[in-house]
Amino acid sequence: MRLHVLRVGHCRHPECVAISGGAWKFAEFPALVGLIRHPVAGAILFDTGYAEHFLRATSGFPEHLYRWATPVTLPPEECLQAQLARHGLALHDIAAVFASHLHGDHIAGLRDLPNAAIWCGDEALHHVRDTGRFRLLRRGYLPALLPDDFAQRHRSIEAHASRALPGRWSALGAGFDLIGDGSLYAVPLPGHARGHYGLLLRHEDDREWLMVGDAVWWRAEISEPRAPAWPTRLLVDSPGAHVVTRLRLHRIFDAARRHGDDGIAMLPSHCEASYRALPSSMRDDARADIGSGSAA
């Protein structure tokens with residue numbers, strides 16, 4: 001199984017909004033998407049990043065406030081269709097999308113993927129269906145981004161078998177075995193948004209990856225036991241659960257670091273440094289010149 005990470009647009013806002021101790025200067029927060037080539041299940045996406053649908057959904061009031069607060073840039077070469085084409089795939093070739101949660105910057109491309117089943121947490125879906133427009137907007141939801149046939153394409157994460165997570169990941173409890181062969185686990189990472197999940201997989205080089213979605217925004221929040229920035233605490237679904245999830249991720253990372261990093265890695269969905277640190281074979285060639293470092 002192969003994992004390739006795509007950078008599908010980005011937004012900008014001050015560092016201090018995302019991470020405790022960050023500066024007031026503006027920084028880019030990429031929308032990172034995982035392209036997984038599963039030998040049986042086919043091409044699967046972890047989230048979709050931005051798309052033109054996001055711009056349309058935020059063109060009027062009050063939704064335009066979302067775009068005003070987090071200005072979005074989506075260069076043509078970073079659009080999902082263009083990036084999939086570089087991997088020999090068309091939009092209709094995507095067999096499934098794993099939606100970590102239903103915030104607008106994670107699901108804007110769903111309408112462009114007509115054949116994809118959509119793995120999503122039941123709690124996340126019920127929250128969007130049962131909550132008013134203004135309350136949803138305040139938390140980063142744009143219901144207009146959900147495809148008209150979402151009900152037919154939705155696959156409940158919780159309908160899959162729950163199993164203890166393997167190895168050191170067991171500190172996170174149980175996960176849902178999406179394929180039935182232990183190759184993809186949906187991992188509950190509560191706090192940031194209702195029904196928030198990460199995705200655990202093993203890359204073909206035997207390195208294990210946990211795509212953590214928005215459980216944290218930057219890798220520094222995993223490598224160090226930092227508290228969330230105060231603006232973040234105002235926006236998350238459950239501040240207490242958010243802190244507990246972050247501490248669990250830090251403990252797993254710290255244990256791996258103390259044992260010489262035995263193949264465990266975590267990838268936040270909005271961390272530019274983590275994207276830069278990926279091996280060149282795992283990231284888009286269009287971004288291959290942006291630097292290097294050490295991934296969380």
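The structure is a predicted model, in which local features need pLDDT of at least 70 and side-chain atom pairs count only at pLDDT 80 or more, while totals for chains, interfaces and linings use all residues. Residues are numbered from 1 along each chain as its sequence is written, and side-chain values use heavy atoms, with hydrogens and water left out. The average pLDDT (the predictor's confidence in each residue, from 0 to 100) is 90, and 95% of the residues score at least 70. Over residues 286–296 pLDDT stays under 50; the model has 23 contacts beyond four places in sequence for this segment (contact: heavy atoms within 4.5 Å).

Along the principal axes, the C-alpha atoms fill a box of roughly 50 × 45 × 40 Å. The protein contains twelve helices and 13 strands (DSSP runs, numbered from the N terminus: helices H or I of at least four residues, strands E of at least two). Of its 296 residues, 55% count as buried (under 20% relative accessible area, with exposed over 50% and partly exposed in between; 1.4 Å probe, protein chains only). Among contacts with a separation of 6 or more, 63% join residues 24 or more positions apart.

The largest nonpolar core comprises 49 residues, and L45, L84, I94 and L102 have the most contacts inside it (a nonpolar core is a set of buried Ala, Val, Leu, Ile, Met, Phe, Trp, Tyr and Cys residues joined through side-chain atoms within 4.5 Å). Strand β2 (residues 26–38) gives the most to this core, with five residues. A second, separate core of 26 residues includes I36, L178, L201 and L278. Leaving aside residues up to four places away in sequence, L84 touches L6, L35, L45, L89, A90, L91 and I94.

For H242, the relative accessible area is 3%. Beyond four places in sequence, H242 touches P190, G191, H192, D214, A215, P228, T232 and V236. Just after α11, G260 takes a positive phi of about 80°.
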